[in-house]
Amino acid sequence: MTDACGQRVWTGSWLSARWGAELRAGASPLGLPVSELLGIGLRRNPRRPQLLVSTVLGKHVPTDPRLVLAAGRLLGLLVAGSLSDTALPARRGQLGGLLSSAIRGTAGAASALLDALDEPAPDDSGVVVLGYAETATGLGHAVADALLDCYYLHSTRRAVPGVRTVAGFEEEHSHATSHLLLPEDSGALTGSGPLVLVDDELSTGRTVRNTIAALHVVSPRSRYVVATLADLRADDDRTALDRLAAELGTSIDVVALASGEFDAGTLVCHDIGTSEPYGNGTTGAGVRRAADRIVLDGLWPRGLRDGGRHGYRRSDREALDRRLPGLAAQVAAAVSGDRVLVLGTEELMYVPLRLAVALAHATDAEVRYSTTTRSPAIAVDDPGYPLRTALAFATADGERFAYNVVPGVGERGFDTIVVVNDTDAPELLDALGACCQRLVVVPVTSYRPGPLPEPLRGPEFGSYAAAEIGWLLRDLSGVSLEAPTEEREEAIQSGGGHYAESLPVEYVPSADYRQLFDKALASSAARVATAVGVVTELVLARRGHGAVLVSLARAGTPIGILMRRWAEFTHGIDVPHYAVSIVRGRGIDPVALRWLGAHHDPADVMFVDGWTGKGAIVRELQAALGAHAQTTGQRFAGDLAVLADPGHCVSLYGTRDDFLVPSACLNSTVSGLVSRTVLNDDLIGPGDFHGAKFYAELADVDVSAEFLDAITAQFDAVAQEVSTASGREPQAPTWHGWATIERISADYGIGDVNLVKPGVGETTRVLLRRVPWRILARTGAGADIEHVLLLAEERGVPVEYVDGLPYSCVGLIHPRFTRGASGSAGTSAAVPT
């Protein structure tokens, strides 16, 4: 803080002058004295009189949110270095200088520091990060941001009915001592990977020792890392942590932005527990009441978690990243004045922090961030003391406080206060109403894990019989999600939307196209039946008769039903079959995985798809299942069974020929009248299955049963051929398809392999759902691509014949599409001559 003359004053100087309390600097990887990170205040707590108040945490002192987030991510960088046994990069001097400048309030330093930390994070799958409530919940999130694939959980003092406590521990010196761990996935803490514990300051290390001792009983680990902004332990405390590591047979490392030692002077003998001789900080009395209050009901999307109380993954952070610019724009439209405070509430720290950072980018106002707290402390309106004012308010759970929200003498107040809260807090809002001109309230839904949803079945959802399949999906039939193809393509390629957030307008086949389907079905039924039989036998050989089929909706679903029918026809076994959603770039539905793990042995599950193209979904599946295993303890095998594997991406396949599977010709009308799956943050909550629609209105043109019955009718005729073919030794994946796609992408100047869709099935999808640029067809492909040629003709898409193409055909999506960039040549990619 600064005094009346504008000179910077250390916010421990008031206490130091009276009782001799001081912070002595120690080693720092950033060259930063610990006094830059901390001031010293007084608690109303006889267990520990001092309150070390951080200058970079944003808990008690309104702080530039970019500095708060950057400090946490910088600490995360130290953690990443510790986990990889590498030192902080050579630029530590630059980072330390930026941090010091930001703390001192140098214009632009906080933004520059945050930008300097905006780099790809290391792959730290298997790492669990645990933040301490309430002060370090947001700090723990920021540390986890620096570890790409870690699982984050923070402790809580809020019991949640129906959620089992996995572990608990005590923080003896705290105002509220008991911590609970309430992960939604009970196996989240049972892994063997490193555990990172994050707290704002380490005074004695007793709480950390209690935590490690309690969690080591649940799941022993070989490595722990303790991350803190300031390490103030005395030598005896350091020895005690080393002793615990030796007793447990594990490694415990400590990383900190700065270290030092706190000397309480004569403060330890001063009784502040029952007296109030220094309470001359203002409480807001006499400040005029807020002119208006705006409540942004409905602003918070259904699909965003409010934080890590029940667990937080990379996908949750990415969902927040996607929505923050839009959320901040709406908040920016509601604020007024040039000084804005974003105020979080108790454990709800990370979401308000991220919103504050986004708001700072969306407005020219000076944005600051802090939160309310349970901690009772003494306010002293002096520049040399960190808590100049205190605002107290009642809640159903006791008294709460907000510090430095009311301006001290000589300070300017906030024009707008944005309160981000996850509980009703009328007393807080009333108290804040006396402190600003405008109060903006952003209600955030506090996620509470509940019972898992149940599968949908026909005829209520889909046209398949109930026994054939259970859809692990949420019914979105009443929601309008369809958008014109060109509009969707432009949004997808511009970054304005993901393909899974909306649906294409459902294609109703023309009479000519329907005749092509009938012709393809009649000519290829035996070929499809043979491939079904072969892949089913391979699956049963690998999983046994207790196999559980889980098809990837939608292309895998008809194939999964046919495989189930083959198992019953040949072996007389009733194989359970479900459909789940998998979304490129966002993984497989984690709620569906939890349901499967709760009802079946994950070792029995076999995932099923229709075909492979370049293998993107194979990689997506393997990565998602690996992350799920690390955070839940449920281990599904990463193998995938497909009818056709022209991309050579899997070892369980019926054939590697790239031929026409008739179900690829159509959309919902051959897939039980169910849409492609939807993952939209406004519609799908953290406890929901991914969604889909049931197009019951298309029943008159539904050929789903006709397709299944035509293939099933061939089972007896192909049984001998299947018996011979399924005895072959499966060939290992070569991934030759991926290399082909990379070459095509480069040759045609596309620059994005996701816009190159190989194989008959994928090319059909391009023509039905996307904006096609051109079709590459293998010379002599013949009847297998007859429907592709018809669709291309209907849409005016040029077809280019290529000798020796590994696939029957390849669909090229219009690169970097805008609605003005249409036609065969396009405007954004060079066509090879």
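These notebook entries record what I looked up about salt bridges, helix packing and one arginine.

**Entry 1, ground rules.** I am working with a predicted model, in which local features need pLDDT of at least 70 and side-chain atom pairs count only at pLDDT 80 or more, while totals for chains, interfaces and linings use all residues. Residues are numbered from 1 along each chain as its sequence is written, and side-chain values use heavy atoms, with hydrogens and water left out.

I looked up the total and found 54 salt bridges in the structure, where the term stands for a side-chain nitrogen of Lys or Arg within 4 Å of a carboxyl oxygen of Asp or Glu. One of them pairs Arg313 with Asp185, whose closest N and O atoms are 2.3 Å apart. This pair links distant parts of the chain, 128 residues apart, since Arg313 lies in the loop between β11 (292–295) and α8 (314–334) and Asp185 in the loop between β7 (178–181) and β8 (195–202). I note that helices (H or I, at least four residues) and strands (E, at least two) are DSSP runs, numbered from the N terminus. Are the two partners buried or exposed? Arg313 is buried at a relative accessible area of 15%, and Asp185 is buried at 5%; buried is under 20% relative accessible area, exposed is over 50%, and partly exposed is in between (1.4 Å probe, protein chains only).

Next I looked up Asp321 and Arg354, whose side chains form a salt bridge at 2.7 Å, N to O. Here the link runs between helix α8, which holds Asp321, and helix α9 (residues 350–362), which holds Arg354, over 33 residues of chain. Asp321 counts as partly exposed, at 35% relative accessibility, whereas Arg354 is buried, at 9%.

A further salt bridge joins the side chains of Arg388 and Glu411 at 3.4 Å, N to O. Arg388 sits in the loop between β14 (377–378) and β15 (390–395), and Glu411, 23 residues apart from it, in the loop between β16 (398–403) and β17 (416–421). I also wrote down that salt bridges with shared partners join Lys59, Glu134, Glu346, Arg374, Asp397 and Arg400 into one network.

I then turned to helix α2 (residues 65–83) and helix α3 (residues 92–103), whose axes come within 11 Å and cross at roughly 155 degrees; axes are lines fitted to C-alpha atoms, for helices over the stretch in contact, and angles run from 0 to 180 degrees between N-to-C directions. The contact (heavy atoms within 4.5 Å) is made by Leu67, Ala71, Leu74 and Leu77 of α2 with Leu95, Leu99, Ala102 and Ile103 of α3.

Helix α3 also packs against helix α4 (residues 109–116), at an angle of about 150 degrees and with the axes 8 Å apart. On the α3 side I listed Leu95, Leu98, Leu99, Ser101 and Ala102, which meet Ala109, Ala110, Ala112, Leu113 and Ala116 in α4.

Last, I looked up Arg323, which has its place in helix α8 and counts as partly exposed at 23% relative accessibility. Which residues does Arg323 touch, not counting residues up to four places away in sequence? Arg323 touches Pro301, Leu304, Asp681 and Asp682. The C-alpha atoms of Arg323 and Asn45, 278 residues apart along the chain, are separated by 41 Å.
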